Amino acid sequence: MNVTLPNSETGISQALDLLRAPNARLVSIFGSTGDHHERYVHYLIDVNSREYRMFSSVVTGPIPSATPISPAAAWYERELHDQYGIECVGHPDPRPLLFHENWPENVHPMIDDVTHVPWAEGQYQFLKVQGAGVCEVPVGPIHAGIIEPGHFRFSVVGDTVLHLELRHFYTHKGTEKLFEGTPVIDGVMIAESVSGDNCFSHAVAYCQAIESAFGISVPPRAQALRLIGLELERMIAHIADVGAMCGDVGFNVPAAYTARIKETLLRASTRFFGTRFWRGMAVPGGVTRDFSSADTGEFGRMVAAAAGDFAEMARLILHTSSVQNRFESTGILTAEIARQTGVVGPVARASGIRLDVRCDHPSGRYRDINVDVPLYKYGDVLARARIRIDETAISMRLIHETLKQLPAGSVLVSVPLSENAEAWSAVESPRGELLYWVRIRDGKIARCHIKSPSFQNWPALPVAMPGNIIADFPLINKSFNLSYSGSDR
Amino acid sequence: MIGDAVERSLRSPQVLISVSELFSNAAGSRMPDVQPDLLTDEVARRVVAACPTSALKVDEAAGRTHLILNYGECIACSRCVAAGNGAFRYAERVARCGVRKKALIRRWDIQRRAEVVQDEPALSQAAEQIRSLVGRALNIRQVDAGSCNGCAGEILALTNPYYDLERFGIHFVASPKHADMLLVTGPVTRNMAAALKLAYDAVPSPKLVVAVGACGCSGGIFAGSHAVVGPVDAVIPVDGYIPGCPPTPSMLLTGIAHVLRPLLLPSRRRTA
């Protein structure tokens, strides 16, 4: 289907044309409203893994869907419709995404009044797989373990999965709307509650966006401390993931062992920074806590000991034949599918796609250093485990080198509070590219869009499932380890 | 190589935390505590202005000025610690875990510079209560009703070798049908409200419900969102509240023990 766009909306066609190019990768599509309530659509595209390019256009009617050109756009355009009521013509699956049957069809929270939204009823239509012996297995939203809620609908024949359909957004909290009207210095507290296990990455990405909007330079020592926090968060996430993957193949000893290593790092954070997860550390303008030179040595030793302990256990894990048997060739995400779905982070790097914000779009301290990016090409559970094991060692080295050359000086500068500006900033969170786009009016957030790596990666998981047995799903899911809350927001 | 991994694990140091150290330990939670002798009108005014939620309030009824701290609404942002001129500091212990909603609220008389003790929960016995759990069995089903996963991560940490919840006979179970207690995290979202109700109905009676974290207790930073119904007690009855953003594993365990207290008292045990 073709949509004829008015001349004022050429930004859309420019973005769609660029998305056809092999060197372009869709980062995000999102909406906003202007000062006179007019709706805008924004396309953020990464060109050559070097430059983020933004295309914006006012929207007056239906717009052509980018999904037939780049499947990576599928969820963004469904979200765009849910939030702003912008119809994307030609979208292969225009069902609501954020809102379930309880939400009335014609209420779009970013443009409509949502003080009293009535409860609606309806029936969600899953894709029906038909044929002899096909069974449906519904799983969730409440799962067997201590994890976040989401629904998985498997169509199986015997043990083998033919099709998996995701139904998420059970933890949708209207977070992007909550930012609106929040003073810029308070917004970081919302950012920290988007995905609890990656709270420092979210805080830093938000703060960098604010700093970029106001043109503030963060003191070098604060930049170094942020790097330490980001790499520590990555280490903790990767160590826990590898342990949880062992737990999912019934190898409980390394699962408990890595949980212990993770706890030592959380306790080290408590000892030196007074916070287990670095909450409250990053604020616009820098960080809130510093540490003495005596403490840097002890902190560095604790991190190195934890990383060394993990490396040794990881070696034993990878040499265990039952682990090899379960990890190898399980849940393969091919490079082609990975590219089409636009996946980021460890999942992309395990499928041979070299993407890392720390190298491609460095900010802060990352501008001055080189980061090794490990790459595996098989895209199976084993590759995703290896990526995490390798990256843990790299993160430890980055922390070690940063501690050795910690710049002197202050860690916080003041931030102007009443200006109008717009900017974005990205960090490489443990799950991949995390980007905040902010629009500030009179010192308050007028719009904040979060490109979450989990939102980008979830649609790729069902593609890695067919042909695998249903008993391997927890393992494959864990090897992606995506955040529900980070995606649902 | 399974044996190698087991051997390495067996040679690793013992890290189990003792019960007395565990009890209500809030280190790293960034929850605030008040030094009443440093409390002034000026400090109270500043911390109330700094608080991003309504956890801190000044109550001027009846000719007295009280400072109110509601732990249930505190997102542990530590702004009061920064603005409080020494009168606010990080709490080493937060004993108000697993208590009734009213007991989450503390009050200080600013003129007298002293805490107004209204409804002191019997917290001194909590360490003893944790000990009394040993050898019993409690099955818990955790339900994430829309959290950011911060609380869920700390609940999971309870199973690590530092806290080793299993030593108290406490297990996490896969089905609400096997559970004695629901441990509910998060503000209840519109999209999770129905599932939470179903899970609650599936737990056999008698059952206990514990609301976890600032979001579970009050909605936290998500209170008022169009996509959120409210705190846990907006949807199902709650027996105890554990504050924190997120609460530490020690605070979680203290809260679980506290909710069980009435059931463990010898006089009540037979009739319960």
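The contact between the two chains takes 64 residues from chain A and 59 residues from chain B, where contact means heavy atoms within 4.5 Å. This is a predicted model, in which local features need pLDDT of at least 70, side-chain atom pairs count only at pLDDT 80 or more, and totals for chains, interfaces and linings use all residues. Residues are numbered from 1 along each chain as its sequence is written, chains are lettered from A and ligands numbered from 1 in the order written, and side-chain values use heavy atoms, with hydrogens and water left out.

Start with the area between the chains. The size of an interface is often given as the accessible area lost when the parts come together. Chain A and chain B bury about 4,900 Å² between them. Carbon and sulfur atoms carry 63% of that area. Buried area here is the accessible area (1.4 Å probe) that two parts lose on being put together, summed over both.

Next come the polar links across this interface. The rule finds 29 residue pairs in polar contact between chain A and chain B, both residues at pLDDT 80 or more. A polar contact is a pair of N or O atoms within 3.5 Å; within protein, one must be able to donate a hydrogen and the other to accept it, and residues adjacent in sequence count only if both atoms are side-chain atoms. Four elements of chain A each give two or more residues to the side that touches chain B: helix 3 (175-179), helix 4 (184-191), helix 7 (252-273) and helix 8 (293-318). Helix 7 of chain A gives the most, with nine residues. Helices (H or I, at least four residues) and strands (E, at least two) are DSSP runs, numbered from the N terminus. By class, this side of chain A has 30 nonpolar, 21 polar and 13 charged residues. Ala, Val, Leu, Ile, Met, Phe, Trp, Tyr, Cys and Pro count as nonpolar, Asp, Glu, Lys and Arg as charged, and the others, Gly among them, as polar.

Salt bridges also cross between the chains. Their count between chain A and chain B is three. A salt bridge is a side-chain nitrogen of Lys or Arg within 4 Å of a carboxyl oxygen of Asp or Glu. The side chains of Asp186(A) and Arg79(B) meet in one, at 2.6 Å from N to O.

Asn102(A) is found in the loop between strand 5 (88-89) and strand 6 (134-139) of chain A. Its relative accessibility is 11%, so Asn102(A) counts as buried; buried means under 20% relative accessible area, exposed over 50%, partly exposed in between (1.4 Å probe, protein chains only). The side chain of Asn102(A) makes a polar contact with the side chain of Asn191(B), at 3.1 Å. Leaving aside neighbours within four places in sequence, Asn102(A) touches Pro118(A), Trp119(A), Ala120(A), Arg190(B) and Asn191(B).

Gly146(B) lies in the loop between strand 7 (138-144) and helix 6 (150-157) of chain B. Gly146(B) is buried, with a relative accessible area of 0%. Its contacts beyond four places in sequence include Thr171(A) and Lys173(A). From its own chain, Thr185(B), Gly186(B) and Met192(B) are among them.

An automatic or database assignment divides chain B into domain 1 (32-93 + 103-115) and domain 2 (126-269). Domain 1 of chain B gives seven residues to the contact and domain 2 of chain B gives eight. The area buried between them is about 590 Å², with 75% from carbon and sulfur atoms. On the domain 1 side, Gly72(B), Ile75(B) and Leu104(B) lose the most area, together 64% of what that side buries.

Finally, turn to charge pairs within chain A. Side chains of opposite charge can pair when their charged atoms come close. The structure holds 49 salt bridges over all chains. Glu433(A) forms one with Arg25(A), the closest N and O atoms being 2.9 Å apart. Glu433(A) lies in strand 12 (432-441) and Arg25(A) in strand 1 (24-33) of chain A, so the pair ties together parts 408 residues apart in sequence. Glu433(A) is buried at 2% relative accessible area, and Arg25(A) is buried at 14%.

Arg447(A) forms a salt bridge with Glu176(A), at 3.0 Å between the closest N and O atoms. This pair links strand 13 (444-451) to helix 3 of chain A, 271 residues apart.
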